[in-house]
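Subject: Structure handover

Hello,

Here is the structure you will be taking over. Please open it first, then read the notes below.

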Amino acid sequence: MTLISALMIFPAGALVAQEVSGAAGGAQASASPSELKVFDSSLIDKSIDPCENFYQYSCNGWFKKNPLPPDQTSYGRFTELYELNRLHLKQILETAASASPESRSANEQKIGDEYASCMDTEAINKAGITPLKPELDRIAALKSAKELPELLGHLHRTGVSAFFAMSSNQDFADASQVISFYYASGLGLPERDYYTRSDAKSVEQREQYVAHVTKMLTLAGEAEEQAARDAKTVMEIETRMAKASLTITEQRDPHNLDHPTTVAALDNNLTNFSLAEYNRAAHAPITGKANDNEPKFFAEFNRILADTPVDQMKAYLRWHLVHAYAGTSMPEAFETESWNFYSHILNGAEKQQERWKRCTSRVDREMGEALGQVFVARYFPPDAKQRAVTMTVAIEDAMAKDIDALDWMSAETKAKAKEKLHTVMNKVGYPDKWRDYSKLEITRGDPFGNQQRVRVFNFDRQIAKIGKPVDKAEWYMSPPTVNAYYDPQQNNVNFPAGYFQPPFFSDKEDDAANYGDMGSTVGHELTHGFDDEGRQYDKDGNLKDWWTKDDEHNFNQRAECMVKQYDAIEAVPGVHLNGKLTLGENLADLGGLWLAWIAWQDKANAAHADMDEAKDGYTPEQRFWIAYAQQWCTQTRPEQLRTQAQTDPHAPDEYRSNVVLSDLPEFAKSFSCKKGSKMVAEKPCRIW
């Protein structure tokens with residue numbers, strides 16, 4: 001539950017997606033590395049005026065070549081590379097699954113046997129709900145709320161997200177230490193506002209959710225009438241919890257989450273729940289420092305236990321148990337129904353992805369570093385890592401230069417900003433020390449048991465961090481992931497190996513293209529350290545104010561420009577973007593591209609490059625901007641756009657291209673765009 005800012009939050013089906021989302025990979029064949037380019041002139045639509053819609057100008061050719069596959073909620077350049085990486089992972093897993101036992105390493109045994117178990121749908125269907133029955137029996141044996149702590153401790157260890165969540169995280173006040181954290185959790189809809197919005201579509205989605213819960217409980221053995229009653233109970237309990245939860249926008253301010261306490265004090269507050277008994281069952285500390293992320297939520301949880309009949313609690317727990325395992329470990333009817341609601345109804349997917357894709361993504365989620373270690377050895381040579389590090393350092397130098405040039409920030413705050421910048425830790429490619437999976441047991445033919453043991457292994461690994469110094473070398477994305485992130489409490493940027501490939505980075509293309517694309521991503525992650533959330537942490541990752549009041553006012557004034565700019569965008573009819581929710585990502589998009597521009601210009605000037613020399617009909621400056629825009633070429637379903645607008649801190653890709661570029665006069669100059677053009681903002685926004 002680390003607070004990280006990622007470049008993308010993928011819709012259902014990405015390597016980082018939850019299994020219950022049931023999302024899908026591309027139906028078409030994945031492109032080969034040689035076919036993917038950072039700058040691709042064949043994708044440009046010259047019938048479009050670049051000063052009116054640069055996104056369409058840069059991407060219309062890609063849209064024509066890449067119709068949205070039926071098993072995707074969205075499909076773009078990130079998906080292209082993701083699917084290519086997933087093919088590589090499939091080959092690794094099939095080799096590990098079919099190799100003789102004596103020829104495999106310990107990790108190859110684990111990933112190979114887990115993949116083979118996941119692919120054996122005949123055995124999974126034949127087993128039915130038998131693997132789930134011991135857990136259903138545990139819930140059935142619950143006699144009163146007093147017995148809930150022990151049961152919930154067990155369920156949380158095994159990956160069932162009911163009522164609340166408990167894990168480890170860095171202390172807001174002392175980021176060098178890891179303490180117990182207690183979080184609001186236990187909702188089946190994507191986020192709390194799904195329970196509270198009153199528009200017709202939201203009402204319909206809640207009705208569809210109740211129907212989905214009914215169907216899932218029926219598959220788990222309940223009579224249909226009982227399942228329908230239980231589904232209504234689930235909605236009632238979850239609605240109470242949702243109303244007591246922070247909104248996703250409120251969660252972006254770390255001060256709303258910083259509520260230091262102790263485990264004992266929180267235990268005393270929960271008069272209807274023994275936190276000590278829960279922690280013993282969860283193998284978690286029963287004493288020590290803690291953080292209560294949402295006190296209002298836990299107060300409501302305490303009241304729910306006092307006034308909710310035990311049979312209704314059991315109905316809620318049964319649903320979340322079934323929900324937690326309704327993926328590739330259960331009969332296909334469960335997975336299909338889960339896909340139908342989360343991917344089809346909510347996000348518009350028309351077809352479920354192939355089984356091998358779902359199983360490949362499962363192994364990557366479960367044992368990402370065991371699988372990633374093989375991936376790195378095959379597909380990420382040492383020189384690729386060095387090129388990535390060199391670019392990262394160049395972008396950091398550009399940021400130092402940019403900070404010096406700011407006219408709205410005082411010398412005092414500039415000095416603190418540069419001190420934080422120079423403390424940033426760069427993590428590129430993969431961990432220096434691979435995760436140890438030796439204590440994890442994976443048995444071929446036991447997909448449900450494997451998944452349960454993986455979840456216990458990962459839960460216990462997180463809990464074991466409590467009371468110890470933070471490990472800044474740890475990664476929160478697997479090496480094959482096509483994404484990147486900044487961690488404000490560790491003050492580090494992280495770029496997985498899977499990302500440093502075409503169409504985002506290539507040693508066969510010029511600096512203009514690479515800096516416009518991957519350079520803007522490096523700048524994006526660095527800027528997160530200074531966005532509306534990241535700026536509240538100091539160089540050591542502590543939640544500590546290091547700004548003068550005047551500089552804070554100047555920052556907020558400029559940030560409000562971007563809030564209004566994105567609030568005005570209607571993503572789908574009747575649904576506008578939330579400028580406050582997307583503010584951090586919008587700041588990082590704009591700031592990151594500007595830093596890449598500075599770094600590339602400095603490098604080009606040092607090399608005395610001819611900035612007027614056209615290649616493929618475009619000057620280096622034009623290639624820079626086109627490469628930036630082409631990374632966002634994406635086809636997205638209206639249902640997915642609605643979900644994204646309501647839940648995702650990232651703006652849809654079209655606006656990550658056009659709105660960002662319209663704020664930069666340097667872009668307008670490169671394409672001779674005049675004032676009044678759609679690609680020239682009337683009131684451009686700018687912070688970094």
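The largest pocket is lined by 28 residues. Nearest its centre lie Arg435, Arg461, Lys465, Asp471 and Glu474. This is a predicted model, in which local features need pLDDT of at least 70 and side-chain atom pairs count only at pLDDT 80 or more, while totals for chains, interfaces and linings use all residues. Residues are numbered from 1 along each chain as its sequence is written, and side-chain values use heavy atoms, with hydrogens and water left out.

A pocket here is an open set of points on a 1 Å grid over the protein atoms alone, where a 1.4 Å probe fits, with protein on both sides within 12 Å along at least five of seven lines; lining residues have an atom within 4 Å of a point.

Two elements give two or more residues to this lining: strand S3 (164–170) and helix H18 (447–463). H18 gives the most, with four residues. Helices (H or I, at least four residues) and strands (E, at least two) are DSSP runs, numbered from the N terminus. By type, the lining has 10 nonpolar, six polar and 12 charged residues. Ala, Val, Leu, Ile, Met, Phe, Trp, Tyr, Cys and Pro count as nonpolar, Asp, Glu, Lys and Arg as charged, and the others, Gly among them, as polar.

Next, the cores. The largest nonpolar core has 125 residues. Such a core is a set of buried (under 20% relative accessible area, 1.4 Å probe, protein chains only) Ala, Val, Leu, Ile, Met, Phe, Trp, Tyr and Cys residues joined through side-chain atoms within 4.5 Å. Helix H21 (residues 583–606) supplies the largest share, 12 residues. Phe54 and Trp625 have the most contacts inside this core. Beyond four places in sequence, Phe54 is in contact (heavy atoms within 4.5 Å) with Trp625, Ile626, Ala629, Asn658, Leu661, Phe667, Phe671 and Met679. A second, separate core has 63 residues, including Leu189 and Trp319.

Last, some backbone points. The peptide bond from Pro502 to Pro503 is cis, with omega near 15 degrees. Pro503 sits in the loop between strand S9 (492–496) and helix H19 (511–528). His608 is not a glycine, yet has a positive phi of about 55 degrees. This histidine, His608, is in the loop between H21 and helix H22 (620–630). His608 is exposed (over 50%), with a relative accessible area of 72%.

Best wishes
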